[in-house]
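This report describes parts of a two-chain model. Look at the sequence and the structure below before reading on.

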Amino acid sequence: MGHFDRSHSHNASHTWQLLLDARQNLSSFARMVADAHHEPLLHMRGIVKHFPGAKALDGVDLEILPGEVHCLLGQNGAGKSTLIKVLAGAHRPDAGTILWKGEPLRTTSPVAALRAGVATMYQELDVVPGLTVAENVFLGHELATAGVTRRRELHRRTQAILARLGHGDISPTREVGQLSAAGQQIVSMARALSHDARLIVMDEPSAVLDSEEVANLFRVVRQLTADGVAVVYISHRLEEIRQVGDRITVLKDGRTVGANLLVGDTPTADLIRLMTGRTVEGSFPERAAVDRDAEELLAVEGLGLRGVFDDVSFTVRAGEVVGLAGLVGAGRSEILETVYGARRATAGRVTVAGRRLRPGSVGAAVRAGIGLAPEERKSQGLLLGEPVYRNITLSSFGRFASAGFLDERAERAAAREQITALDLRPDDPDRDARTLSGGNQQKAMLARWLVHGCRVLLLDEPTRGVDVGARAEIYGLIRDLAARGAAIVVVSSEIDEVLGLADRVLVISEGRVVHAGPSDRIDEHGVLDLVMEGSVA
Amino acid sequence: MSEQTPPGLATAGSIPPDPDDPVRMQRTGPTATASHGPSPSGAWRRLVAGGAGRNLGLVVALLLICAVGVATAGERFASVDNLMTILRLAAIYGVLAIGMTFVITGGGIDLSVGSVLGLSTVWASTLATQTMARETHWAVIVFTALAVGVVAGLVNGVLIAYGKVVAFIATLAMLVAARGLAEVIANRRTQIVDVPAFLDVFRADVLGVSVLVWIFVVVAVAAWVVFNRTTFGRRTLAVGGNPEAARLAGIDVRRHTMWLYALSGLTAGIAGVMMLARTTAGSSTNGQLYELEAIAIVVIGGTLLAGGRGTIVGTVIGAVIFATLANVFTQNNLSISAQSVAKGAIIVVAVLLQQRFAARHRST
C-alpha cells in the first residue's frame, strides 16, 4: 500500500513499477478466483490492435476453459484473424492483458507462444510440400543431436502422433505435397500436437474437408478435449459449431459483442443478430430504378470453372449494379476473373452486348469493353513505379499512338480529364502511382476503364484498403457510372456494401449461386443465413 | 496551445521519450513539400533524381576513369586514335547491351547473347555463305547473321513465354547449344572472311569515324526512340514492372515477352556482323562471356535488374565506361585479370548505389 506515496512522483519508472505490481496483484487475485472455480486456461481482456489507418481490434475479451471447444464467430473483417494472430504471437497487441493459466502471457513471438503451449493451425495450409510428413510435423523443433537428425526417433514420434489423430495410415516418410488437402490438414494438426499444446487454434479447419473428413476431425477434437486440451474453433458453418462446440464468442467490428454463450442455449437468430448491424450508415447514394428495357450488356450463362464454381448465370443491364455476396473463398473473385477471361472457363459462355467472348482471353474481353478492377490493386492493378497518367492509359495507350509512336501529350490530356472528372487527388498526372492513397488508386483504376470507354465494369472489393471518407466517394462514383449507362458487377465481403450498392444480389456459397434477387427484398440477416446455412432460415 | 504550431516544432517539447522522432520529421519535412506540385525547384529535383541525375553520375565516373588514363598514360591515352579504339571496343558490347536492356527492363534475362553472336559469325562466314555473297551481294552475310540471331532469340522467346521455361534456364540452354552448334558448323576452325565488298563497307571510316561506331550510334538512337517513344517501349515497362497488372489491363504479355527475346537475338546478330568485320574471321569462340559483360553494362547503366525501369542512355554510357576502363588497363600494361577485378568492383559499387537510390526514390 506504500505505493500510493510514490504514485505522486512523475517519475516514469516508478509509475511502471506501480503498474507491474498492480498486475501481479491482479494475477494472484485471478489465480485465487480461478482456483475457487474452474481456472480459465486463457483470459484475454480489452485487446486493442491498430494497423495504419484501421483499428482491427478495439477491445476484445475472450475466456477459454481447459478442455472446451470455444467457437469464434464473426463476419469477414470482424477481427477473428487478427485476434488469433495476437494469440499466436504474430502480432503484438497495443493494449489489453492476456492471462495464461492465471499468469500474464508475453507472446512476443510465435516461438514463445508455442513454448507456452498455444499452437495455431492457420486457414492457409502452412506445410512445406517438398518435405516429408515427419519433417513437417517437427518443423522448427527438429529432433537432432549436434545438428544430425535422429530419423528413427523422428519417425516413431510422428507415427505416434498420427495414430493419436486416427491416421496411422499416413506414412511419416511420405512427401507432404503428395497428400490430399485433408491429409495436409492432418499434418498441420500433428505439428500442433508435437508441441504438446494446451490450446489449439483452428482457423476454418473444415474449409478444405469433405463430410467424412469433417466427422474424423470432430472425433479428433473430442479426443483432444477429453485430454484437457482446449480448442478455439473458427468456422462459418453453424451446423458444425452446434455439433462440436461448447461455448461461443461473437466478434463484430473488432469488439466482443457476445461472450461465452452456451451453444445449446443460443438460437441461430440471436447469433446472426449479434454478427450483423449496419456499420456504414447513410453513405450509400440513392438508386434510380433500372430501366427494364435497357440493353442487356453482360450475359453470363452456365459459366463454370472446374473445382471452383459451377453453373453461374446472370445478366446485367445498362445502368444496373449487380452484387456478388459471399465469404472469402466462396468463388466470387474467381467468377469475376473467369468472366473477364483471366481464367479459362471450363463451361458456359459470356456475351457482351450480344457478342460472344472468346474464353480465356483478357484481350478479347477488354476489346469488347469489359474492365476489371482487381481485388489486389497494388499487385494486380497498378504499375506502382510509373506515373499516374501511364497507369490510367495502360489499357488504351495504343490509341494515343500512330505507327507505334506515342503522343504523350494527348495521353496526359486524356488522363487529366478523368483525374478531374473523378476528383483524383493529388491531381498531378506525373506522380508515381505508389504515392496515391487507396481510394485514389481505386479512382485511377476506374479512370483507366473510363479512358478505354468500357461499358461493363467488374469491381472486386472496390473499397478494400479505402478509408471511410473515400468509401462514400467511391460508392457515389459507382452509382454515377451506372446512371450514365454502365453495367457494373461488384464483389464485396461486406454484405451491407453489396446490399447498399447493388440493384440485384447474387449470393454465392461454395461455388454455387444460392440466391438471386433484388437487393431490397433481402437483408443482411438473410444473406448471412444463406452463406452459413445454404438456405434462408 | 500547440495546435497552431507546425508539427515539426510542436513535437519537440511533447515527445521526449523518443528523441529520434523529431529528427526524422525535420529530415522528411522539406522533401515532402518539395515534391508537391510542379514548382520549378520540384521539377529540377525530379530531373536530377530521375534519369538525368543518374546519367550525370555515370558521366562523372567516366571522366574520373579518363583522368586516371591521362595521368598514367598521357598522350597515349588522350589521342584521337585511342579514342577511336575505345569506341570500337564499346560498339560491340554496347549493341549487345542495348538488346539486353530491353530484355531486363521487361523482367527477363538473356544469357545466350554471347553464344548467339558466335554462332552468327560462324554461320555468316561458312564457305557456302561467302561464295553466295561473292556471287550476289555482301548483304547476304549481314542477312545471315541477323537471321541466325533473330531465330535463336525467337526460340528463347517461345520457350520462355509459351513454354513457361524460366528465362535463366532457357537462355542458359541456348548458350550451351548455340556454342555447340557453332563448333559443329565451323568444325572448330577459324573461317577467314574473304568477301572484299563486305570488308570494304564495314572496315571503312565515315567522317573519320569507324563504321562500327556509326552502327552503334544508329542502334542506340533507334533503341532510345523505341524505348521511350513507342508502344513497344511502354509495353516493355508495363510487362517488366508488373506482369499481372499488364495482363489484366489487356496487354498480351506472352507475345511481348517473345518479341523482347527476338529483339535481343537481333542485336546479337548485329554484334555478330560487327565482330566479323573487326576480326575478319568467323569462329565458334567469338563472343565468349560477352553475355556477362552485357549484363554488367546494363546494370551499371542504371537499369533495374528486377525489371520495370530501364535506360538506354545509361547503357550506352556504361558500355563506354567499360571500354575506357579496359583501355586504361591495357595502356598501363596491366593484365586482363586485374581488369576483371576492377570491373567486378565497379559492378558492386554500381548496384549498391542503385539500391540506395531506389530506397530514397521509394520513400519520397
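Two residues are in contact if their C-beta atoms, placed from the backbone, lie within 7 Å. Angles between axes run from 0 to 180 degrees and are taken between N-to-C directions. The model is a predicted one.

**A four-stranded sheet in chain A**

With these terms, the placing of one helix can be stated. Helix H11 (residues 332-340) of chain A lies across S13, S14 and strand S16 (347-352) of chain A, and its direction makes an angle of about 115 degrees with S13(A). These strands belong to an open sheet of four strands in chain A, in the order S14-S13-S16-S17, with antiparallel pairing. At its edges are strand S14 (309-317) and strand S17 (355-356) of chain A, each of which pairs on one side only. Strands of a sheet pair through backbone hydrogen bonds, either parallel or antiparallel.

| Strands | Sense | Bridges |
|---|---|---|
| S13(A) and S14(A) | antiparallel | six bridges |
| S13(A) and S16(A) | antiparallel | five bridges |
| S16(A) and S17(A) | antiparallel | two bridges |

Glu296(A) stands opposite Arg317(A), which is in S14(A). Leu298(A) has Val352(A) in S16(A) as its bridge partner, and Val352(A) in turn has Arg355(A) in S17(A) as a bridge partner. S16(A) and S17(A) form a hairpin with two residues between them. In the turn, Ala353(A) has a positive phi of about 45 degrees.

**A six-stranded sheet in chain A**

Chain A also has an open sheet of six strands, in the order S18-S21-S22-S15-S23-S24, and its pairing is mixed. The edge strands here are strand S18 (370-373) and strand S24 (512-518) of chain A. From one strand to the next, the twist averages 15 degrees.

Which strand is joined to strand S15 (residues 321-325) of chain A by four bridges? The partner is strand S23 (residues 504-509) of chain A, and the two run parallel. In this pair, Val322(A) has Arg504(A) in S23(A) as its bridge partner.

H11(A) lies across S15, S18, strand S21 (456-460), strand S22 (487-492) and S23 of chain A, at about 150 degrees to S21(A). Helix H16 (residues 438-452) of chain A lies across S18 and S21 of chain A, at about 170 degrees to S18(A).

**Chain B**

Chain B has 17 helices and four strands. Of its 364 residues, 46% are buried. Among contacts in chain B between residues at least 6 apart in sequence, 78% join residues at least 24 apart.

One helix pair can be described in detail. Helix H8 (residues 139-161) of chain B packs against helix H9 (residues 167-186) of chain B at an angle of about 150 degrees, with the axes 9 Å apart. Because of this angle, H8(B) is roughly antiparallel to H9(B). Their crossing is right-handed. Residues making the contact include Ala152(B) and Leu159(B) of H8(B), and Met174(B) and Ala178(B) of H9(B). By type, the residues of this contact are eight nonpolar, two polar and no charged.

**Where the chains meet**

The contact takes 21 residues from chain A and 18 residues from chain B. On the chain A side, the elements that give two or more residues are helix H12 (362-368), helix H13 (377-381) and strand S20 (405-406) of chain A. That side has twelve nonpolar, eight polar and one charged residue.

Note on methods: Residues numbered from 1 in each chain as written. Chains lettered and ligands numbered in written order. Predicted model: local features only at pLDDT ≥ 70, side-chain atom pairs only at ≥ 80, totals over all residues. Nonpolar A, V, L, I, M, F, W, Y, C, P; charged D, E, K, R; others polar. Buried ≥ 20, exposed ≤ 12 C-beta atoms within 10 Å, placed from the backbone. Pairing = 2+ DSSP bridges. Parallel < 35°, antiparallel > 145°, perpendicular 65-115°, else oblique. Left-handed = near helix turned anticlockwise from the far one by under 90°.
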